[in-house]
Amino acid sequence: MEIIAWIIIILSFVIAFVGLIYPIIPSVLFILLGFIVYGMFFSFTELGWLFWSVEILFVILLFAADSISNLIGVKKFGGTKAGMWGSTIGLLVGPFIIPVVGILIGPFLGAVIGELFVTKSEFKAALKSGIGSLVGFLTSVVTKGVIQVIMIVIFFITI
């Protein structure tokens, strides 16, 4: 039974990292699932209030990192709310239309299309917003990846 528990825990952590690339997968929920599965199969006593407090702070940080990096990326490159919304929609739709590469092309095209058709920006400004969206997304992936690694390392140190 222990082997099955560890398979589920490790699989949860792996799926969390897949969620960095496919944002439709709620990464943080899979990390928390790994912690809960450990508690259910082994014991919650090792995972005390300090562990949960720190992990919840990291969960909040993950959500903030996701939102803020996209916002900063688009804004820093001169984009508007239309570019941000287009980027977000492209991020969700892109991987389904163009598997694998759509995760990069989707936010870029979404921001460009949002800027061109909603705010009627010039093509050069829309392109710049698309690049900002791409930079924001890549920054978000790296930031969230680092935070997730820290969360998992804390888990293994705690147990």
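Hi everyone. Please keep in mind that this is a predicted model.

Let's start with helix α1, which covers residues 2-21. From first C-alpha to last, α1 reaches 30 Å, close to the 28 Å expected for its 20 residues.

Which residues of α1 are buried? They are Ala5, Ile9, Ser12, Phe13, Ala16, Gly19 and Leu20. If you look down the axis of α1, these buried residues fall within an arc of 120°, so they line one face of the helix. Now turn to the face pointing away from that buried side: there you'll find Ile3 and Ile7, both exposed. And what covers the buried residues of α1? The cover includes α2, residues 27-41, and α6, residues 123-158.

As a bit of background, nonpolar side chains in soluble globular proteins tend to be buried together. Here, the largest nonpolar core has 19 residues. The elements giving two or more residues to the core are α1, α2, α3 (49-76) and α6, and α2 provides the largest share, with 6 residues.

The largest pocket holds about 550 Å³. Of the 27 residues lining this pocket, the closest to its centre are Pro23, Phe63, Asp66, Ser67 and Lys144. Helices α1, α2, α3, α4 (81-97) and α6 each supply at least two residues of the lining.

I'll finish with a loop. Most residues other than glycine have a negative phi. Where is Lys120 found? Lys120 sits in the loop between α5, residues 102-117, and α6. Although Lys120 is not a glycine, its phi is positive, at about 55°. Is Lys120 buried or exposed? Lys120 has a relative accessible area of 63%, and over 50% counts as exposed, so Lys120 is exposed.

Technical notes:
Residues are numbered from 1 along each chain as its sequence is written. This is a predicted model: local features need pLDDT of at least 70, side-chain atom pairs count only at pLDDT 80 or more; totals for chains, interfaces and linings use all residues. Side-chain values use heavy atoms; hydrogens and water are left out. Helices (H or I, at least four residues) and strands (E, at least two) are DSSP runs, numbered from the N terminus. The expected span of a helix is 1.5 Å times one less than its number of residues. Buried means under 20% relative accessible area, exposed over 50%, partly exposed in between (1.4 Å probe, protein chains only). The arc is that of the directions from the helix axis to the C-beta atoms. Contact means heavy atoms within 4.5 Å. A nonpolar core is a set of buried Ala, Val, Leu, Ile, Met, Phe, Trp, Tyr and Cys residues joined through side-chain atoms within 4.5 Å. On a 1 Å grid over the protein atoms alone, a cavity is a set of points where a 1.4 Å probe fits but cannot get out, and a pocket is an open set with protein on both sides within 12 Å along at least five of seven lines; lining residues have an atom within 4 Å of a point. Grid points are joined across faces, edges and corners, and a volume is the space filled by probe spheres set on the points.
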